[in-house]
Amino acid sequence: MRFSLVATNPLAPDWLSLPGDANALGEGLWPSTTTRNADGELVIGGVTASALAAEFGTPLYVIDETDARGRAAELRTAFEAEFARIGTSARVYYAGKAFLSTEVARWMVAEGLNIDICTGGELAVALAAGVDPARLGFHGNNKSLAEIDEATRVGVGTIIIDSPIEIDRVAAAAARHGRVQAVRLRVNSGVHAHTHEFLATAHEDQKFGVVLEDAPRLVAAIRAEESLRFLGLHCHIGSQIFGVDGFAESAARLLAVHAGLLSDGPVPELNLGGGFGIAYTSADTPTPIRELAAGLADIVSAECRRRGIPVPAIAFEPGRAIIGPAGVTLYEVGTIKPVDVGGATRLYVSVDGGMSDNARPALYGADYSVRIADRVSRAAPVLVRVAGKHCESGDIVVDADYLPADVAPGDLLAVPATGAYCWSLSNNYNFQGRAPVVAVRDGAARVLVRGESIADLLARDTGVSTGSTADGVSTGSTADGVSTGSTTEQKDILR
Ligand SMILES: Cc1ncc(COP(=O)(O)O)c(C=O)c1O
């Protein structure tokens with residue numbers, strides 16, 4: 001099938017420019033090992049997209065191990081070096097909410113990072129990975145009593161107190177387990193940042209943390225507890241942030257309060273959170289990590305000097321900037337439909353996944369990019385919208401990008417920068433089984449998390465019997481498939 005649609009399309013968003021070559025892999029968008037081979041195929045970690053799709057099926061999350069570990073190492077070394085320059089240390093926690101599996105947890109620890117968790121489930125994954133609990137930071141605005149108890153029992157390194165009521169809860173749990181628990185206090189600096197802009201307000205209307213003015217009173221309460229040790233303030237100003245300004249404003253506000261806290265006891269640390277932006281499309285220009293680290297070190301140094309206080313140890317907790325660019329999702333094109341929109345044509349290209357494997361576009365209008373993965377084409381670029389297969393009109397994977405006009409059913413599509421907050425936000429909408437995650441490195445691929453089979457989907461439905469149900473509906477041999485982990489089975493049965 002061939003569509004002769006005008007290349008320059010009025011439906012294209014302002015930020016999207018017509019590419020000279022709709023096969024080109026935009027700079028900074030793809031995992032560092034990505035190339036196209038002589039046949040025009042996308043190769044990630046030395047494995048072709050078609051080989052990955054043939055072995056594991058689609059949709060498929062692919063994580064480039066070299067890229068993820070390289071970014072973790074780059075981030076840690078950049079922050080360590082820049083903060084050493086101003087006479088202090090920097091610790092990096094990988095924000096597991098972006099993507100967590102036991103193997104990824106082990107990669108992060110091997111690269112010298114700690115891990116930030118925010119539920120008992122994430123704690124369980126980190127422990128199953130063999131991560132030393134002392135390397136874990138435990139977040140959450142509503143940690144359950146059971147979660148707090150478990151975290152203090154196993155010896156989680158730090159707990160981030162998110163509301164006044166947690167002071168008593170964490171203190172009691174730590175005392176019960178005979179521990180002195182190190183804690184941070186999460187505060188709202190009043191700085192909200194998104195991409196290039198930030199907004200600074202006095203108060204925040206949100207569920208996380210406590211207002212900055214309450215910090216002295218709450219820190220006093222923490223210090224009054226024998227089973228707690230106060231480490232310092234914590235703040236996370238948002239996600240997908242470019243530039244240093246938002247972090248700098250927030251750090252300055254935090255250090256003003258931090259300085260006051262020093263009169264009543266030690267404040268060894270300051271945690272400035274995560275949120276470093278990445279490139280999802282050609283319009284995104286992330287701040288180079290070294291520049292960010294240098295800018296933050298400069299502001300922390302200047303603020304401490306101005307206040308005449310020692311520079312505290314600094315901690316960060318990025319997730320997206322480490323794992324986001326390392327991930328690519330592969331899909332197969334099923335249907336293609338040109339839709340007339342006020343005289344212009346939008347080409348809807350529907351794939352075999354969607355908001356179940358990437359909820360971000362539906363959740364908050366996130367933009368992505370797309371390329372054909374198993375071939376290149378000389379056809380002129382045409383504006384496409386990549387849609388999912390779910391029963392929601394907002395089920396969009398890529399709102400707008402250009403693909404060669406001969407894009408066709410059966411083509412493999414690759415969506416880059418899907419390593420963060422895609423698998424971790426995945427769901428079973430429409431009883432779509434969650435896609436597997438594979439890691440690629442040096443020409444080999446292996447499953448990090450297997451995909452879900454039909455048997456998995458039926459496993460928790462108490463009305464399913466093995467054999468025939470009363471009204472004659474046969475459930476087949478679902479029980480057999482539950483724990484096989486067979487990717488062939490997933491591919492054949494499910495997708
Ligand atoms: C407290 C906290 N720290 C770190 C992060 C990680 O943010 P990012 O993945 O954007 O770096 C988040 C994200 O929501 C967060 O809430």
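Helices (H or I, at least four residues) and strands (E, at least two residues) are DSSP runs, numbered from the N terminus. The model described here is predicted, so local features are reported only at pLDDT of at least 70 and side-chain atom pairs only at pLDDT 80 or more, while totals for chains, interfaces and linings use all residues. Residues are numbered from 1 along each chain as its sequence is written.

Burial is judged from C-beta atoms placed from the backbone: a residue is buried if 20 or more other C-beta atoms lie within 10 Å of its own, exposed if 12 or fewer do, and partly exposed in between. By this rule the buried residues of helix 9 are Leu 292, Ala 293, Leu 296, Ala 297, Ile 299, Val 300, Glu 303 and Cys 304. Seen down the axis of helix 9, these buried residues fall within an arc of 165°, so they line one face of the helix; the arc is that of the directions from the helix axis to the C-beta atoms. An α-helix has 3.6 residues a turn, so residues three or four places apart point the same way. The face of helix 9 turned away from the buried side carries the exposed residues Arg 305 and Arg 306. On the buried side, the residues pack against helix 2 (65-85), helix 8 (245-261) and strand 15 (313-316), two residues being in contact if their C-beta atoms, placed from the backbone, lie within 7 Å. Just after helix 9, Gly 308 takes a positive phi of about 65°.

Helix 7 (residues 215-223) can be read in a similar manner. The buried residues of helix 7 are Ala 215, Val 219 and Ile 222. They cover an arc of only 55° around the axis, which puts them on the same side of helix 7. Among the elements that cover these residues are helix 6 (165-176), strand 9 (181-188), strand 13 (228-234) and helix 8.

Attention now turns to the ligand. Of the 17 residues around the ligand, Ala 95, Ser 239, Gly 274, Gly 319 and Arg 320 come nearest, a residue being near a molecule if its C-beta atom, placed from the backbone, lies within 6 Å of it. The shell around the ligand divides into six nonpolar, seven polar and four charged residues. Here Ala, Val, Leu, Ile, Met, Phe, Trp, Tyr, Cys and Pro count as nonpolar, Asp, Glu, Lys and Arg as charged, and the others, Gly among them, as polar.

Two positions carry annotations from an unreviewed UniProt entry. UniProt lists Lys 97 for "modified residue: N6-(pyridoxal phosphate)lysine"; such annotations may be inferred rather than shown by experiment, their positions follow the numbering used here, and feature names are shortened. Lys 97 sits in the loop between strand 5 (90-95) and helix 3 (102-110), and is buried because 20 other C-beta atoms lie within 10 Å. Leaving aside neighbours within four places in sequence, Lys 97 is in contact with Cys 118, Gly 319 and Ser 424. The UniProt annotation "active site" covers Cys 391, in the loop between strand 19 (381-387) and strand 20 (396-404). Cys 391 counts as exposed, with 10 C-beta neighbours inside 10 Å.

Most residues other than glycine have a negative phi, and most peptide bonds are trans. The peptide bond from Thr 58 to Pro 59, however, is cis, with omega near -5°, and Pro 59 lies in the loop between helix 1 (49-56) and strand 4 (60-64). Asn 430 has a positive phi of about 60° although it is not a glycine, and Phe 431 likewise has a positive phi, near 55°. Asn 430 is found in the loop between strand 21 (412-416) and strand 22 (437-441), and Phe 431 lies in the loop between strand 21 and strand 22. Asn 430 is partly exposed, with 14 C-beta neighbours inside 10 Å, whereas Phe 431 is exposed, with 11 other C-beta atoms within 10 Å.
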